[in-house]
Amino acid sequence: MPTDQYHEPPAELSEQTRTFARMCASLSEESEAIGWYEQRIAVEKDPTARAIMLDSLAEEYKHFSMELEFLLRAKPQWRETARGILFQDGDIVKHGEEAEEAAEG
């Protein structure tokens, strides 16, 4: 089955690399779905339809988070960088620079 998610010949990639690529694609798709739901919810007037969309949005948050966790577990340097940025108060960019340096060092 042809796919455009790979930038190298799939047959030359390990199963682990192909799984990682699939999870990256899934994360991207969940992110896109979150953006779509946010837009739909912002303009929806019907309270029942809006409630259903909000429920669906919560599912997208869950899926996004599970996929992100899978990817972070697969790449220790990424996980270490994320740990220095996520859930921190203060300057996001500063935390990013500090986390990148710490993960590389």
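Reply: A salt bridge is a side-chain nitrogen of Lys or Arg within 4 Å of a carboxyl oxygen of Asp or Glu. This is a predicted model, where local features need pLDDT of at least 70, side-chain atom pairs count only at pLDDT 80 or more, and totals for chains, interfaces and linings use all residues. Residues are numbered from 1 along each chain as its sequence is written, and side-chain values use heavy atoms, leaving out hydrogens and water.

Me: How many salt bridges does a search of the whole structure find?

Reply: Seven. Take Glu-15 and Arg-18: their closest N and O atoms lie 2.4 Å apart.

Me: Where do Glu-15 and Arg-18 sit in the helix?

Reply: Helices are DSSP runs of H or I, at least four residues long, numbered from the N terminus. Glu-15 and Arg-18 both belong to helix α1 (residues 15–43), three residues apart, so about one helical turn separates them.

Me: Which residue does Arg-73 meet in a salt bridge?

Reply: Glu-69, at 2.9 Å from N to O. Both are in helix α2 (residues 47–74); they are four residues apart, so the separation is about one helical turn. Arg-73 is exposed at 64%, while Glu-69 is partly exposed at 26%.

Me: What about Lys-94?

Reply: Lys-94 pairs with Glu-98, with 3.7 Å between the closest N and O atoms. The two are four residues apart in helix α4 (residues 92–104), again about one helical turn. Glu-98 is partly exposed, at 41%. Salt bridges can also share partners: that is how Glu-15, Arg-18 and Arg-22 join into one network.

Me: Now the pocket. What is the volume of the largest pocket?

Reply: On a 1 Å grid over the protein atoms alone, a pocket is an open set of points with protein on both sides within 12 Å along at least five of seven lines; lining residues have an atom within 4 Å of a point. The volume is the space filled by probe spheres (1.4 Å probe) set on the points, which are joined across faces, edges and corners. Here the largest pocket has about 240 Å³.

Me: Which residues line the largest pocket?

Reply: Among them are Phe-64, Leu-68, Glu-69, Arg-79 and Phe-87. Helices α2 and α3 (76–83) each give two or more residues to this lining. The largest share, five residues, comes from α2.

Me: How many lining residues are nonpolar, polar and charged?

Reply: Six nonpolar, one polar and three charged. Ala, Val, Leu, Ile, Met, Phe, Trp, Tyr, Cys and Pro count as nonpolar; Asp, Glu, Lys and Arg as charged; the others, Gly among them, as polar.

How values were computed:
Buried < 20%, exposed > 50% of the residue type's maximum accessible area, 1.4 Å probe, protein only.
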